[in-house]
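This report covers a sheet, the helices around it and a few single residues. Please keep the sequence and the model at hand while reading.

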Amino acid sequence: VMITPIASSPILTSDLEGTPGIHYYPGYYRTSHNDLYQGIAMAKFVYEELNITKAAAIHYMDDPYTEGIATAFANMFKNLGGTITDVLAINNEDTDMILVLTDISSSSPDALYFPIFQPEGEYIAAQVSTVPGLEDIVLLASNGLQNEDFMSLPESDGMYISGYDFRYGNNTNQSTGVDAETFLSKYKETYGGVP
């Protein structure tokens with residue numbers, strides 16, 4: 001048995017219809033969401049709340065995590081009536097994003113979803129405004145960039161990032177009876193910081 005709090009790729013569990021993923025094995029469980037939900041939630045937010053109808057996406061080449069989220073986003077966005085102009089891949093460790101961003105600009109999307117990590121996410125955020133036609137594009141990312149380092153960058157200002165909700169509120173664990181406030185206090189005391 002393996003229980004993980006972070007491995008969220010749908011290929012490890014199933015699609016939304018319950019069809020096992022290509023890397024599913026009995027005894028594998030996770031306490032985090034299936035990334036299909038993250039891509040779907042972002043697509044609904046962009047189309048229904050931001051009223052954007054043309055979007056593009058970027059993921060890593062041959063990476064099931066980022067490709068899964070980008071594909072889920074693109075599929076739901078199209079199902080809602082939006083247009084996906086591009087779903088392009090970059091290589092892990094690419095630093096110059098101008099070529100891929102120039103390709104994306106040729107189809108004039110109004111939003112760009114890049115569910116990737118640092119430092120490539122930083123490069124996209126820093127370089128996108130230098131590409132003609134993308135100066136005012138709405139930038140969207142996933143929980144791969146939901147961290148203090150990326151969020152402290154000026155380029156992250158105004159972005160929309162899908163991911164975990166770290167507001168624990170008044171939740172109480174049903175097994176232990178410990179509420180969120182008590183748990184967080186004990187965690188800080190034990191480990192010297194927040195989870």
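## Terms and basis

A residue is called buried if its relative accessible area is under 20%, exposed if over 50%, and partly exposed in between (1.4 Å probe, protein chains only). Helices (H or I, at least four residues) and strands (E, at least two) are DSSP runs, numbered from the N terminus.

The model is predicted: local features need pLDDT of at least 70, side-chain atom pairs count only at pLDDT 80 or more, and totals for chains, interfaces and linings use all residues. Residue numbers start from 1 along each chain as its sequence is written, and side-chain values use heavy atoms, with hydrogens and water left out.

## Helix α4

Helix α4 spans residues 120-127, and its buried residues are Glu 120, Gly 121, Ile 124, Ala 125 and Gln 127. These buried residues pack (contact means heavy atoms within 4.5 Å) against the strands β3 (54-60), β4 (83-90), β5 (111-114) and β6 (138-141), and against the helices α3 (98-105) and α5 (148-151).

## The sheet

Two strands pair if DSSP finds at least two bridges between them. Five strands make an open sheet with parallel pairing, in the order β4-β3-β5-β6-β7. β4 and β7 (160-161) are the edge strands, each pairing on one side only. Between the parallel strands β3 and β5 there are three bridges; Ala 57 stands opposite Tyr 113 in β5.

Helix α1 (residues 35-49) packs on the sheet and touches β5, β6 and β7; its direction makes about 165° with that of β5. Helix α3 also packs on the sheet, touching β3, β4 and β5, and its direction makes about 165° with that of β4. For these angles, axes are lines fitted to C-alpha atoms, for helices over the stretch in contact, and the angles run from 0 to 180 degrees between N-to-C directions.

Asp 103 lies in helix α3. Its relative accessibility is 42%, so Asp 103 counts as partly exposed. Apart from neighbours within four places in sequence, Asp 103 is in contact with Asp 86 and Leu 88. Asn 75 is 28 residues from Asp 103 in sequence and 20 Å away in space, C-alpha to C-alpha.

Ala 180 belongs to helix α6 (residues 180-191). Ala 180 counts as buried because its relative accessible area is 11%. Gly 169 is eleven residues from Ala 180 in sequence, with 6.7 Å between their C-alpha atoms.

## Tyr 29

Tyr 29 is in strand β2 (residues 28-30). At 48% relative accessibility, Tyr 29 is partly exposed.
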